[in-house]
Amino acid sequence: GGCITADAPFLFSVVLPEGNYRVQATLGDPAGDSTTTVKAESRRLMLENIRTSGGAQVTRGFIVNIRTPDIAGGGRVGLKARETGYLHWDDKLTLEFGGARPCVSKLVITPAPELPTLYLLGDSTVTDQPHEPWNSWGQMITRFLKPDIAVANHAESGESIRSSLGARRVAKVLSLLRKGDFVLVQFGHNDMKDKREDALKLYEKNLADLVREVRVRGATPVLVTSVERKAGAKQETLGEYPATVRKVAAAEKAALIDLQPASRTLYAALGANLDKAFVDGTHHSNFGSYEIARCVVEGI
């Protein structure tokens with residue numbers, strides 16, 4: 001058979017129920033060369049620069065999680081107005097084929113309910129950023145995992161742990177959890193903007209409560225200290241919040257990925273190239289988030 005190709009990235013969508021899906025993609029041009037990068041939903045990196053030449057084709061597998069705002073048993077996630085058009089909240093599985101010369105000849109999509117799921121909760125430095133040039137480590141980490149676990153990124157821009165509880169983002173994740181799943185939690189950037197006197201104490205309590213709620217369901221909580229802002233290359237910008245995450249992890253004997261110092265080490269190593277990792281003082285470029293995702297993988 002032939003293949004579908006285009007001069008620009010193109011999308012494929014199919015309406016499916018919420019859940020995890022195994023995708024087998026046959027890539028390559030039977031009549032020539034190809035280079036294909038595959039992203040899912042809102043730009044989650046699945047396959048990077050799959051090259052074929054001389055008419056060869058390859059089949060690669062990956063796992064995609066799709067979801068809706070509805071919560072089993074009643075209620076919905078309180079989405080922000082901007083989220084209503086996001087590909088990661090609709091009723092479809094969407095794939096993007098890009099690269100120097102993307103060529104796809106076959107897709108086989110099958111439900112994968114047996115697979116464990118890695119849930120992400122956090123803010124704009126974790127979320128599936130829908131638009132270039134912004135990007136986050138949560139949508140790059142999929143690139144580094146084998147096709148035997150799904151990633152469900154429930155992080156959203158502007159969120160603190162307090163607001164994520166209020167908007168039922170946490171409730172949505174807890175409603176889906178099964179034994180053997182994992183939940184990575186990275187809050188702090190927006191939490192530290194809360195001027196209430198008890199803000200830090202409430203942050204600590206909410207984190208500890210979340211660890212227990214995850215464990216009750218047979219899943220594994222993993223706390224993550226926040227990735228540093230750009231200014232963090234020279235001095236820490238996150239106040240007492242990273243230390244509080246470490247404190248909760250120690251008290252609850254929960255796994256910890258200490259991303260804050262790891263990101264500072266990365267920024268120092270980038271030196272004069274630090275600007276290439278950011279689009280502003282907080283948010284990363286594709287390059288920056290790819291490298292931060294590698295830090296998270298090292299932490300795992």
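A disulfide here is a pair of cysteine sulfur atoms within 2.5 Å. With that cut-off, a search of the whole structure returns zero disulfides.

Before you start selecting, two notes on the ground rules. This is a predicted model, in which local features need pLDDT of at least 70 and side-chain atom pairs count only at pLDDT 80 or more, while totals for chains, interfaces and linings use all residues. Residues are numbered from 1 along each chain as its sequence is written, and side-chain values use heavy atoms, with hydrogens and water left out.

**Stop 1**

Select Cys 3 and Cys 103. Cys 103 is buried at 1%, whereas Cys 3 is partly exposed at 27%.

**Stop 2: salt bridges**

A salt bridge is a side-chain nitrogen of Lys or Arg within 4 Å of a carboxyl oxygen of Asp or Glu. The count by this rule is 24.

Start with Arg 143 and Glu 48, whose closest N and O atoms are 2.5 Å apart. This pair links distant parts of the chain, 95 residues apart: Arg 143 sits in the loop between strand E9 (117–122) and strand E10 (150–153), and Glu 48 in strand E5 (residues 44–52). Helices (H or I, at least four residues) and strands (E, at least two) are DSSP runs, numbered from the N terminus. Arg 143 is partly exposed at 30%, and Glu 48 is partly exposed at 28%.

Now pick Glu 236 and Arg 264, which meet in a salt bridge at 3.8 Å, N to O. Here the partners are 28 residues apart, with Glu 236 in the loop between strand E12 (220–224) and helix H4 (241–252) and Arg 264 in helix H5 (residues 259–270). Arg 264 is partly exposed, at 23% relative accessibility.

Then go to Asp 258 and Arg 246, a salt bridge with its closest N and O atoms 2.9 Å apart. Asp 258 is in the loop between strand E13 (255–257) and H5, while Arg 246 is in helix H4, twelve residues apart. Asp 258 is partly exposed at 29%, and Arg 246 is partly exposed at 27%.

Finish this stop by selecting Lys 80, Glu 83, Glu 159 and Arg 169 together: salt bridges link them in a network.

**Stop 3: helix H3**

Select residues 199–216. Helix H3 has 18 residues and reaches 26 Å from its first C-alpha to its last, close to the 26 Å expected at 1.5 Å a residue; the expected span is 1.5 Å times one less than the number of residues. Buried residues in H3 include Ala 199, Tyr 203, Asn 206, Leu 210 and Val 214. What do the buried residues of H3 pack against? They pack against E9, helix H1 (161–166), helix H2 (169–176), strand E11 (182–186), E12 and H4, where contact means heavy atoms within 4.5 Å. Just after H3, Gly 218 takes a positive phi of about 80°.

**Stop 4: backbone details**

Go to Glu 132 and Pro 133, joined by a cis peptide bond with omega of about 0°. Pro 133 is in the loop between E9 and E10.

Glu 41 is not a glycine, yet has a positive phi of about 50°. Find Glu 41 in the loop between strand E4 (34–40) and E5, where it is buried at 5%. Arg 168 also has a positive phi, near 65°. It lies in the loop between H1 and H2 and is partly exposed at 33%.

**Stop 5: the nonpolar cores**

A nonpolar core is a set of buried Ala, Val, Leu, Ile, Met, Phe, Trp, Tyr and Cys residues joined through side-chain atoms within 4.5 Å. The largest has 27 residues, and those touching the most other members include Leu 120, Trp 137, Tyr 267 and Ile 292. E9, E12, H5 and helix H6 (286–299) each give two or more residues to this core. H6 supplies the largest share, five residues.

Center on Tyr 267. Leaving aside neighbours within four places in sequence, its contacts include Val 227, Gly 232, Leu 274, Phe 278 and Ile 292.

Notes. Buried means under 20% relative accessible area, exposed over 50%, partly exposed in between (1.4 Å probe, protein chains only).
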